[in-house]
Amino acid sequence: MIAKREYLWFNTDERVEFINITNQVQEIVDKSGIKEGLCLVNAMHITASVFINDAESGLHRDFKHWLEELAPHEPVSQYDHNTFEDNADAHLKRQIMGREVVVAITEGQLDFGPWEQIFYGEFDGQRDKRVLVKVLGE
Ligand code: ZN
């Protein structure tokens with residue numbers, strides 16, 4: 001079995017941002033030489049997500065509005081977590097959008113359903129953060 005591990009780094013301009021990382025993940029799969037296996041992609045921070053959905057800008061705005069309704073950033077004083085920080089909403093948003101995805105690799109390609117793409121979801125940005133990509137197979 002082959003195992004390959006690599007990080008993707010992010011430092012977003014906005015506090016909340018979604019970044020399509022599908023091509024970067026496929027490049028790591030390509031470099032691994034693995035033709036059949038699994039690819040794990042996970043956020044290494046508890047205020048960021050990795051998720052799979054459609055690469056459609058309207059849907060991304062809908063996600064942001066929906067998350068802001070569920071867990072508004074302001075007023076920061078509404079959260080018990082915000083004694084030394086102001087990112088309680090980011091923890092909650094990350095929890096609902098998920099930590100990781102696992103994608104099958106078939107004939108060297110990420111084996112997606114129709115319209116599936118992988119996104120990094122940032123909820124407390126403007127700092128260095130990373131995503132782990134681990135590819136296993138043969
Ligand atoms: Zn926190």
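Me: Let's start with Ile96. How does it count, by relative accessibility?
Reply: Ile96 counts as partly exposed, at 47% relative accessibility. Buried is under 20% relative accessible area, exposed is over 50% and partly exposed is in between (1.4 Å probe, protein chains only).

Me: Before we go on, what sort of model is this?
Reply: It's a predicted one: local features need pLDDT of at least 70, side-chain atom pairs count only at 80 or more, and totals for chains, interfaces and linings use all residues. Residues are numbered from 1 along each chain, and side-chain values use heavy atoms, with hydrogens and water left out.

Me: OK, back to Ile96. Which element is it in?
Reply: Ile96 belongs to helix H3. Helices (H or I, at least four residues) and strands (E, at least two) are DSSP runs, numbered from the N terminus.

Me: How many of the residues of H3 are buried?
Reply: Seven of the 10, so H3 is largely enclosed by the rest of the structure. The buried ones are Ala88, Asp89, Ala90, His91, Lys93, Arg94 and Met97.

Me: And what covers them?
Reply: The cover for the buried residues of H3 includes strand S4 (48-53) and H2.

Me: New topic, the zinc ion. What coordinates it?
Reply: Four residues do: His81 and His91 each through NE2, Glu85 through OE and Asn87 through OD1, at 2.1 to 2.3 Å. Donors here are N, O and S atoms within 2.8 Å of the metal (3.2 Å for Na, K and Ca), and sites may look incomplete because water is not among the atoms.

Me: What spacing do the donors follow along the chain?
Reply: For the zinc ion, the donors run as H-x3-E-x1-N-x3-H.

Me: Where is Asn82, and what is it in contact with?
Reply: You'll find Asn82 in the loop between helix H2 (57-70) and helix H3 (88-97). Skipping neighbours within four places in sequence, Asn82 is in contact (heavy atoms within 4.5 Å) with Val76, Asn87 and Ala88.

Me: What about the peptide bond from Glu74 to Pro75?
Reply: That one is cis, with omega near -10 degrees. Pro75 is also in the loop between H2 and H3. In general, most peptide bonds are trans, and most residues other than glycine have a negative phi.

Me: So which residues other than glycine have a positive phi?
Reply: Trp115 has a phi near 75 degrees, and Gln126 has one near 65 degrees. Trp115 sits in the loop between strand S6 (109-110) and strand S7 (117-122), and counts as exposed at 71%. Gln126 is in the loop between S7 and strand S8 (129-137), and is exposed too, at 51%.

Me: Last one, Met1. Where is it, and what's it in contact with?
Reply: Met1 comes in the segment before strand S1 (2-10) and is exposed, at 77%. Apart from neighbours within four places in sequence, Met1 is in contact with Leu136 and Gly137.

Me: How far is it from Gly37?
Reply: The C-alpha atoms of Met1 and Gly37 are separated by 9.2 Å, with the two residues 36 apart along the chain.
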